[in-house]
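Please read them with the structure open.

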Amino acid sequence: QVQLVESGGGLVQAGGSLRLSCAASGSIFRLGAMGWYRQAPGKERELVATITSGGSPNYPDSVKGRFTISRDNAKNTVYLQMNSLKPEDTAVYFCKALLYSDSYTFGNYWGQGTQVTVSS
């Protein structure tokens, strides 16, 4: 059984910072690409950041320069450092991981989400 558990969400004022964590546990052979997505009320889920197994990040323009994704492969954990937060960053944030249970068996897994609320 594989689980992704996010933590670190909360309420912050505009201009503030938060750091999200997502830890994978269970039957893990290795982790591939990992990422963060978010979904605001009434909107579709959107990409926030991704990082390859080798550590190469990718961001959409909406968060570039403000958010930083990183990972600790020894801890099976991905992080999202969010700075200069804006009210429009308010959403439920989900982590996603491509996870291999052996050399040939893999799948995408999602965490349960953590709420981030930015007040103006």
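1. How much accessible surface does the protein have, and what share of the surface belongs to carbon and sulfur atoms? The accessible surface comes to about 6,400 Å², and 48% of that belongs to carbon and sulfur atoms. Accessible areas come from the Shrake-Rupley method with a 1.4 Å probe, and for residues only the protein chains shown count as cover.

2. Some ground rules. This is a predicted model, in which local features need pLDDT of at least 70 and side-chain atom pairs count only at pLDDT 80 or more, while totals for chains, interfaces and linings use all residues. Residues are numbered from 1 along each chain as its sequence is written, and side-chain values use heavy atoms, with hydrogens and water left out.

3. Overall make-up. The protein has 11 strands and zero helices. Both are DSSP runs numbered from the N terminus, with at least four residues (H or I) for a helix and at least two (E) for a strand. The radius of gyration is 14 Å, close to the 14 Å that the globule rule gives for 120 residues, so the protein is as compact as a globular protein of that length. That radius is taken over C-alpha atoms, and the globule rule is 2.2 Å times the number of residues to the power 0.38. Along its principal axes the C-alpha trace spans about 45 × 25 × 25 Å.

4. Of the 120 residues, 39% count as buried. Buried means under 20% relative accessible area, exposed means over 50%, and partly exposed lies in between (1.4 Å probe, protein chains only). Among contacts (heavy atoms within 4.5 Å) between residues at least 6 apart in sequence, 55% join residues at least 24 apart.

5. An open sheet with antiparallel pairing has the strand order 1-3-8-7. Two strands are taken to pair if DSSP finds at least two bridges between them. Strand 1 (3–7) and strand 7 are the edge strands, each pairing on one side only. On average, neighbouring strands of this sheet are turned by 15° against each other, direction ignored. For such angles, axes are lines fitted to C-alpha atoms (for helices, over the stretch in contact), and angles run from 0 to 180 degrees between N-to-C directions. Strand 7 and strand 8 share six bridges in the antiparallel sense, and I69 has L80 in strand 8 as its bridge partner.

6. Seven of the 10 residues of strand 4 are buried. W36 shows both sides: its bridge partner in strand 9 is C95, and W36 stands opposite A49 in strand 5. The hairpin of strand 4 and strand 5 has six residues between the strands, and G42 there takes a positive phi near 80°.

7. Salt bridges. How many does the model contain? The count is four, where a salt bridge is a side-chain nitrogen of Lys or Arg within 4 Å of a carboxyl oxygen of Asp or Glu. R38, E46, R66 and D89 are linked in a network of them. D89 meets R38 at 2.9 Å, N to O. This pair links distant parts of the chain, with R38 in strand 4 (residues 30–39) and D89 in the loop between strand 8 (77–82) and strand 9 (91–100), 51 residues apart. D89 also meets R66 at 2.7 Å, N to O. R66 lies in the loop between strand 6 (57–58) and strand 7 (67–72) and D89 in the loop between strand 8 and strand 9, so this pair ties together parts that are 23 residues apart in sequence.

8. Is D89 buried or exposed? D89 is buried, because its relative accessible area is 1%. R66 is buried as well, at 10%, and so is R38. A further salt bridge joins K64 and D61, whose closest N and O atoms are 3.5 Å apart. D61 counts as exposed, with 67% relative accessibility.

9. Backbone points to check. N76 has a positive phi of about 50° although it is not a glycine. N76 lies in the loop between strand 7 and strand 8 and counts as partly exposed at 22% relative accessibility. S84, likewise not a glycine, has a positive phi of about 50°. S84 lies in the loop between strand 8 and strand 9 and is partly exposed, with a relative accessible area of 42%.
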